[in-house]
Amino acid sequence: MRHKTIGKEGLALCMLLMAAMSIMGFLFMFPSTPSENLGLCLPSPNIWPLNPWTSWGIQTGLLISVAIGTIFLNKHYNFVKSPDPIAAAAFLIMSGSNPWLTHSLDASSLLLLANMLCISVLFGCYRQPNSTQEFFVVATIISLGSMVQYAFLLMIPVYIVVGVLLQTMHFKEVMAFCMGLAAPFWVGIGLGLLPLDSFTLPEFSIFFARPVGKDLFVLLINIGLTMLFSLIIGLNALVKLYAGNSRILILNNIIAVLGLASCIGIIVDFNNMTAYLGTFYFAAAFQIANLFTLWHLPRSKVVLSIIIIAYTSLFGATFLI
(Lines give C-alpha, C1' and ligand atoms only; values in the text may rest on other atoms or scores of the structure.)
Protein backbone atom coordinates (compact mmCIF):
# COMPACT_ATOMS: atom_id res chain seq x y z
CA MET A 1 0.00 0.00 0.00
CA ARG A 2 1.36 3.42 -1.00
CA HIS A 3 2.34 5.67 1.89
CA LYS A 4 -0.11 8.51 2.34
CA THR A 5 1.18 12.01 2.99
CA ILE A 6 -2.08 13.54 4.16
CA GLY A 7 -5.01 11.10 4.12
CA LYS A 8 -8.62 11.85 4.97
CA GLU A 9 -7.81 13.18 8.44
CA GLY A 10 -5.27 15.65 7.06
CA LEU A 11 -7.72 16.76 4.39
CA ALA A 12 -10.36 17.41 7.03
CA LEU A 13 -7.86 19.53 9.00
CA CYS A 14 -6.98 21.51 5.85
CA MET A 15 -10.68 22.09 5.23
CA LEU A 16 -11.11 23.42 8.77
CA LEU A 17 -8.04 25.64 8.38
CA MET A 18 -9.37 26.98 5.09
CA ALA A 19 -12.76 27.69 6.69
CA ALA A 20 -11.07 29.46 9.61
CA MET A 21 -8.99 31.68 7.30
CA SER A 22 -12.05 32.39 5.19
CA ILE A 23 -14.09 33.47 8.22
CA MET A 24 -11.25 35.64 9.55
CA GLY A 25 -10.81 37.24 6.15
CA PHE A 26 -14.52 37.97 5.93
CA LEU A 27 -14.79 39.43 9.44
CA PHE A 28 -11.56 41.39 9.74
CA MET A 29 -10.35 42.22 6.23
CA PHE A 30 -11.85 44.43 3.60
CA PRO A 31 -10.07 43.56 0.35
CA SER A 32 -10.68 45.82 -2.60
CA THR A 33 -12.74 44.00 -5.23
CA PRO A 34 -14.10 45.16 -8.59
CA SER A 35 -17.35 47.08 -8.15
CA GLU A 36 -18.29 47.61 -11.78
CA ASN A 37 -20.31 45.27 -13.95
CA LEU A 38 -17.95 42.83 -15.68
CA GLY A 39 -20.46 40.79 -17.68
CA LEU A 40 -20.97 41.10 -21.43
CA CYS A 41 -24.71 41.54 -21.10
CA LEU A 42 -25.83 40.48 -17.60
CA PRO A 43 -24.85 41.68 -14.09
CA SER A 44 -21.69 40.05 -12.79
CA PRO A 45 -21.76 38.11 -9.48
CA ASN A 46 -19.82 40.79 -7.59
CA ILE A 47 -22.80 43.17 -7.88
CA TRP A 48 -25.61 40.68 -7.32
CA PRO A 49 -27.88 41.88 -4.46
CA LEU A 50 -26.82 39.28 -1.88
CA ASN A 51 -26.50 39.53 1.87
CA PRO A 52 -22.75 39.67 2.75
CA TRP A 53 -22.95 36.45 4.78
CA THR A 54 -24.82 34.71 1.96
CA SER A 55 -22.29 35.92 -0.59
CA TRP A 56 -19.38 34.70 1.55
CA GLY A 57 -21.09 31.37 2.25
CA ILE A 58 -21.77 30.65 -1.42
CA GLN A 59 -18.20 31.52 -2.43
CA THR A 60 -16.62 29.42 0.32
CA GLY A 61 -19.02 26.55 -0.34
CA LEU A 62 -18.18 26.54 -4.06
CA LEU A 63 -14.46 26.50 -3.33
CA ILE A 64 -14.81 23.58 -0.92
CA SER A 65 -17.01 21.77 -3.46
CA VAL A 66 -14.34 22.17 -6.13
CA ALA A 67 -11.70 20.82 -3.73
CA ILE A 68 -13.83 17.71 -3.19
CA GLY A 69 -14.41 17.55 -6.95
CA THR A 70 -10.67 17.32 -7.60
CA ILE A 71 -10.63 14.04 -5.68
CA PHE A 72 -13.33 12.48 -7.86
CA LEU A 73 -11.79 13.94 -11.03
CA ASN A 74 -8.44 12.33 -10.33
CA LYS A 75 -10.05 9.12 -9.09
CA HIS A 76 -11.91 8.77 -12.40
CA TYR A 77 -9.08 9.70 -14.78
CA ASN A 78 -6.07 8.86 -12.58
CA PHE A 79 -3.74 11.47 -14.10
CA VAL A 80 -1.97 12.04 -10.75
CA LYS A 81 -0.87 8.55 -9.79
CA SER A 82 -1.80 8.68 -6.14
CA PRO A 83 -5.04 8.24 -4.16
CA ASP A 84 -3.77 10.79 -1.61
CA PRO A 85 -5.95 13.97 -1.74
CA ILE A 86 -2.94 16.33 -1.81
CA ALA A 87 -4.37 18.41 -4.67
CA ALA A 88 -7.58 19.02 -2.74
CA ALA A 89 -5.69 19.95 0.44
CA ALA A 90 -3.30 22.26 -1.43
CA PHE A 91 -6.18 23.99 -3.20
CA LEU A 92 -8.00 24.57 0.09
CA ILE A 93 -4.94 26.07 1.78
CA MET A 94 -4.01 28.28 -1.17
CA SER A 95 -7.58 29.49 -1.59
CA GLY A 96 -8.03 30.16 2.11
CA SER A 97 -4.78 32.13 2.26
CA ASN A 98 -6.19 34.70 -0.16
CA PRO A 99 -9.03 36.82 1.30
CA TRP A 100 -9.58 38.43 -2.12
CA LEU A 101 -10.78 35.01 -3.28
CA THR A 102 -12.89 33.96 -0.28
CA HIS A 103 -14.34 37.26 0.92
CA SER A 104 -17.48 37.28 -1.22
CA LEU A 105 -19.07 35.73 -4.28
CA ASP A 106 -17.47 36.73 -7.55
CA ALA A 107 -16.78 35.15 -10.91
CA SER A 108 -13.62 33.37 -9.74
CA SER A 109 -15.58 30.46 -8.28
CA LEU A 110 -17.94 30.35 -11.28
CA LEU A 111 -15.06 30.31 -13.78
CA LEU A 112 -13.29 27.67 -11.70
CA LEU A 113 -16.38 25.48 -11.48
CA ALA A 114 -16.96 25.87 -15.22
CA ASN A 115 -13.36 24.89 -15.99
CA MET A 116 -13.57 21.81 -13.80
CA LEU A 117 -16.82 20.75 -15.51
CA CYS A 118 -15.33 21.37 -18.95
CA ILE A 119 -12.19 19.32 -18.38
CA SER A 120 -14.30 16.59 -16.77
CA VAL A 121 -16.27 16.41 -20.02
CA LEU A 122 -13.24 16.60 -22.31
CA PHE A 123 -10.86 14.27 -20.47
CA GLY A 124 -12.97 11.36 -21.68
CA CYS A 125 -12.56 12.45 -25.32
CA TYR A 126 -8.92 11.44 -25.66
CA ARG A 127 -8.41 10.27 -29.27
CA GLN A 128 -12.14 9.81 -29.82
CA PRO A 129 -13.21 9.99 -33.49
CA ASN A 130 -16.30 12.06 -32.65
CA SER A 131 -16.56 14.55 -29.77
CA THR A 132 -19.01 17.07 -31.21
CA GLN A 133 -21.48 16.84 -28.31
CA GLU A 134 -18.76 17.35 -25.71
CA PHE A 135 -17.35 20.43 -27.46
CA PHE A 136 -20.83 21.88 -27.92
CA VAL A 137 -21.47 21.49 -24.18
CA VAL A 138 -18.12 23.06 -23.26
CA ALA A 139 -18.66 26.02 -25.58
CA THR A 140 -22.17 26.55 -24.21
CA ILE A 141 -20.82 26.67 -20.66
CA ILE A 142 -18.21 29.24 -21.69
CA SER A 143 -20.77 31.30 -23.58
CA LEU A 144 -23.21 31.37 -20.67
CA GLY A 145 -20.43 32.31 -18.28
CA SER A 146 -19.25 35.17 -20.48
CA MET A 147 -22.64 36.80 -20.09
CA VAL A 148 -21.85 37.54 -16.44
CA GLN A 149 -18.03 37.78 -16.61
CA TYR A 150 -15.93 38.47 -19.68
CA ALA A 151 -13.02 36.45 -18.21
CA PHE A 152 -14.73 33.38 -19.66
CA LEU A 153 -13.73 34.63 -23.13
CA LEU A 154 -10.09 33.82 -22.35
CA MET A 155 -11.09 30.16 -22.14
CA ILE A 156 -12.09 29.99 -25.81
CA PRO A 157 -8.53 29.56 -27.16
CA VAL A 158 -7.69 27.41 -24.15
CA TYR A 159 -10.23 24.74 -25.08
CA ILE A 160 -9.21 24.85 -28.71
CA VAL A 161 -5.69 24.00 -27.51
CA VAL A 162 -7.18 21.32 -25.25
CA GLY A 163 -8.94 19.76 -28.24
CA VAL A 164 -5.65 19.69 -30.16
CA LEU A 165 -3.84 18.10 -27.22
CA LEU A 166 -6.53 15.44 -26.94
CA GLN A 167 -6.20 14.76 -30.69
CA THR A 168 -9.93 15.10 -31.14
CA MET A 169 -10.34 18.61 -32.58
CA HIS A 170 -11.53 18.05 -36.15
CA PHE A 171 -13.72 20.13 -38.46
CA LYS A 172 -16.95 18.81 -36.91
CA GLU A 173 -15.73 19.60 -33.41
CA VAL A 174 -14.74 23.13 -34.48
CA MET A 175 -18.22 23.70 -35.92
CA ALA A 176 -19.87 22.29 -32.78
CA PHE A 177 -17.70 24.53 -30.63
CA CYS A 178 -18.67 27.63 -32.64
CA MET A 179 -22.35 26.69 -32.49
CA GLY A 180 -22.11 26.21 -28.72
CA LEU A 181 -20.62 29.68 -28.34
CA ALA A 182 -23.33 31.29 -30.45
CA ALA A 183 -26.38 29.32 -29.25
CA PRO A 184 -27.00 31.01 -25.83
CA PHE A 185 -26.68 34.51 -27.31
CA TRP A 186 -28.80 33.57 -30.33
CA VAL A 187 -31.58 32.24 -28.10
CA GLY A 188 -31.33 35.12 -25.62
CA ILE A 189 -31.46 37.80 -28.28
CA GLY A 190 -34.16 35.99 -30.28
CA LEU A 191 -36.46 35.71 -27.26
CA GLY A 192 -35.80 39.32 -26.24
CA LEU A 193 -34.10 38.28 -23.00
CA LEU A 194 -30.86 40.02 -23.96
CA PRO A 195 -31.50 43.51 -25.38
CA LEU A 196 -28.79 44.65 -27.77
CA ASP A 197 -28.18 47.80 -25.75
CA SER A 198 -27.22 45.67 -22.73
CA PHE A 199 -23.99 44.47 -24.35
CA THR A 200 -20.68 46.01 -23.27
CA LEU A 201 -17.11 45.41 -24.42
CA PRO A 202 -14.45 44.26 -21.92
CA GLU A 203 -11.75 46.71 -20.90
CA PHE A 204 -8.45 45.00 -20.20
CA SER A 205 -5.79 46.61 -18.01
CA ILE A 206 -2.20 45.41 -18.13
CA PHE A 207 -0.25 44.43 -15.00
CA PHE A 208 0.68 47.48 -12.88
CA ALA A 209 -1.54 49.70 -15.05
CA ARG A 210 -2.55 51.30 -11.77
CA PRO A 211 -0.58 51.81 -8.54
CA VAL A 212 -0.48 48.81 -6.22
CA GLY A 213 -1.57 49.72 -2.72
CA LYS A 214 -0.66 47.97 0.50
CA ASP A 215 -3.85 45.93 0.35
CA LEU A 216 -2.57 44.16 -2.79
CA PHE A 217 1.07 43.76 -1.83
CA VAL A 218 0.75 40.45 0.05
CA LEU A 219 -1.65 39.18 -2.59
CA LEU A 220 0.96 39.76 -5.29
CA ILE A 221 3.62 38.00 -3.20
CA ASN A 222 1.23 35.06 -2.80
CA ILE A 223 0.53 34.91 -6.53
CA GLY A 224 4.16 35.46 -7.55
CA LEU A 225 5.53 32.69 -5.32
CA THR A 226 2.80 30.32 -6.49
CA MET A 227 3.60 31.09 -10.13
CA LEU A 228 7.31 30.47 -9.60
CA PHE A 229 6.75 27.31 -7.57
CA SER A 230 4.26 25.93 -10.13
CA LEU A 231 6.58 26.69 -13.05
CA ILE A 232 9.51 24.86 -11.47
CA ILE A 233 7.43 21.83 -10.51
CA GLY A 234 5.56 21.79 -13.82
CA LEU A 235 8.71 21.77 -15.95
CA ASN A 236 10.23 18.98 -13.88
CA ALA A 237 6.99 17.00 -13.99
CA LEU A 238 6.91 17.39 -17.77
CA VAL A 239 10.33 15.74 -17.99
CA LYS A 240 9.35 12.88 -15.68
CA LEU A 241 6.01 12.27 -17.39
CA TYR A 242 7.39 12.50 -20.93
CA ALA A 243 8.72 8.94 -20.92
CA GLY A 244 5.57 7.51 -19.36
CA ASN A 245 1.95 7.05 -20.36
CA SER A 246 0.99 9.52 -23.11
CA ARG A 247 -2.58 9.92 -21.82
CA ILE A 248 -1.37 10.91 -18.34
CA LEU A 249 1.11 13.36 -19.89
CA ILE A 250 -1.60 15.02 -22.01
CA LEU A 251 -4.10 15.32 -19.16
CA ASN A 252 -1.45 16.94 -16.97
CA ASN A 253 -0.53 19.27 -19.84
CA ILE A 254 -4.17 20.35 -20.04
CA ILE A 255 -4.11 21.31 -16.36
CA ALA A 256 -0.87 23.21 -17.04
CA VAL A 257 -2.50 25.05 -19.96
CA LEU A 258 -5.34 26.15 -17.67
CA GLY A 259 -2.80 27.42 -15.16
CA LEU A 260 -0.85 29.27 -17.85
CA ALA A 261 -4.04 30.87 -19.19
CA SER A 262 -5.01 32.07 -15.72
CA CYS A 263 -1.52 33.55 -15.25
CA ILE A 264 -1.89 35.41 -18.53
CA GLY A 265 -5.32 36.62 -17.43
CA ILE A 266 -3.90 37.96 -14.16
CA ILE A 267 -1.19 39.86 -16.05
CA VAL A 268 -3.17 41.28 -18.99
CA ASP A 269 -6.40 41.88 -17.05
CA PHE A 270 -4.96 43.18 -13.80
CA ASN A 271 -8.02 45.09 -12.57
CA ASN A 272 -10.07 41.90 -12.96
CA MET A 273 -7.42 39.46 -11.75
CA THR A 274 -9.56 38.01 -8.96
CA ALA A 275 -11.66 36.27 -11.62
CA TYR A 276 -8.71 34.06 -12.54
CA LEU A 277 -7.46 33.23 -9.03
CA GLY A 278 -9.60 30.14 -8.46
CA THR A 279 -8.47 28.47 -11.69
CA PHE A 280 -4.89 29.57 -10.97
CA TYR A 281 -4.84 27.82 -7.58
CA PHE A 282 -6.68 24.80 -9.04
CA ALA A 283 -3.90 24.22 -11.57
CA ALA A 284 -1.16 24.94 -9.01
CA ALA A 285 -2.68 22.40 -6.61
CA PHE A 286 -2.22 19.59 -9.12
CA GLN A 287 1.39 20.65 -9.66
CA ILE A 288 1.94 20.31 -5.91
CA ALA A 289 0.27 16.88 -6.01
CA ASN A 290 2.70 15.86 -8.76
CA LEU A 291 5.60 17.02 -6.61
CA PHE A 292 4.75 14.43 -3.96
CA THR A 293 3.70 11.74 -6.43
CA LEU A 294 6.60 11.83 -8.88
CA TRP A 295 9.48 12.55 -6.51
CA HIS A 296 8.52 10.23 -3.62
CA LEU A 297 9.90 12.69 -1.10
CA PRO A 298 11.33 10.93 1.98
CA ARG A 299 10.00 13.59 4.36
CA SER A 300 6.81 14.33 2.49
CA LYS A 301 4.81 15.29 5.58
CA VAL A 302 7.44 17.82 6.60
CA VAL A 303 7.52 19.35 3.10
CA LEU A 304 3.74 19.57 3.00
CA SER A 305 3.71 21.15 6.46
CA ILE A 306 6.19 23.78 5.26
CA ILE A 307 3.94 24.61 2.30
CA ILE A 308 0.90 24.93 4.58
CA ILE A 309 2.80 27.13 7.04
CA ALA A 310 4.05 29.33 4.19
CA TYR A 311 0.55 30.05 2.90
CA THR A 312 -0.96 30.55 6.33
CA SER A 313 1.90 32.95 7.07
CA LEU A 314 1.06 34.91 3.93
CA PHE A 315 -2.52 35.05 5.12
CA GLY A 316 -1.38 36.29 8.51
CA ALA A 317 0.81 38.93 6.88
CA THR A 318 -2.29 40.60 5.45
CA PHE A 319 -3.19 41.65 9.02
CA LEU A 320 0.11 43.48 9.41
CA ILE A 321 -0.35 45.99 6.59
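Trainee: Which helix gives the largest share of the lining of the second largest pocket?
Mentor: That is H2, with five residues. Helices here are DSSP runs of H or I with at least four residues, strands are runs of E with at least two, and both are numbered from the N terminus. The elements that give two or more residues to this lining are helix H1 (7–28), helix H2 (52–77), H3 and H11. Before we go on, this is a predicted model, where local features need pLDDT of at least 70, side-chain atom pairs count only at pLDDT 80 or more, and totals for chains, interfaces and linings use all residues. Residues are numbered from 1 along each chain as its sequence is written, and side-chain values use heavy atoms, with hydrogens and water left out.

Trainee: Which residues lie nearest the centre of that second largest pocket?
Mentor: Ile71, Ser82, Pro83, Asp84 and Pro85, out of 21 lining residues. The volume is about 370 Å³. On a 1 Å grid over the protein atoms alone, a pocket is an open set of points with protein on both sides within 12 Å along at least five of seven lines, a cavity is a set where a 1.4 Å probe fits but cannot get out, and lining residues have an atom within 4 Å of a point. Points are joined across faces, edges and corners, and a volume is the space filled by probe spheres set on them.

Trainee: How do its lining residues divide by class?
Mentor: Eleven are nonpolar, six polar and four charged. Ala, Val, Leu, Ile, Met, Phe, Trp, Tyr, Cys and Pro count as nonpolar, Asp, Glu, Lys and Arg as charged, and the others, Gly among them, as polar.

Trainee: And what is the volume of the largest pocket?
Mentor: About 510 Å³. It has 24 lining residues, with Ser230, Leu231, Gly234, Ala256 and Gln287 nearest the centre. H10 provides nine residues, the largest share of this lining. The lining has 17 nonpolar, seven polar and no charged residues.

Trainee: Switching to cavities, how many of 30 Å³ or more are there?
Mentor: Four. The largest holds about 60 Å³ of space, and Leu38, Asp106, Gln149, Asn272 and Thr274 are the closest to its centre among ten lining residues.

Trainee: What about the largest nonpolar core, which residues touch the most other members?
Mentor: Phe79, Phe91, Ile119, Phe123, Tyr159 and Phe282, in a core of 88 residues. Such a core is a set of buried Ala, Val, Leu, Ile, Met, Phe, Trp, Tyr and Cys residues joined through side-chain atoms within 4.5 Å. H11 gives the most to this core, with 14 residues.

Trainee: Last topic: how many disulfides are there?
Mentor: Zero, in a search of the whole structure, where a disulfide is a pair of cysteine sulfur atoms within 2.5 Å. For Cys41, the nearest cysteine sulfur is that of Cys118, 18 Å away.

Trainee: Is Cys118 buried or exposed?
Mentor: Buried, at 1% relative accessibility; the cut-offs are under 20% relative accessible area for buried, over 50% for exposed and partly exposed in between, with a 1.4 Å probe and protein chains only.
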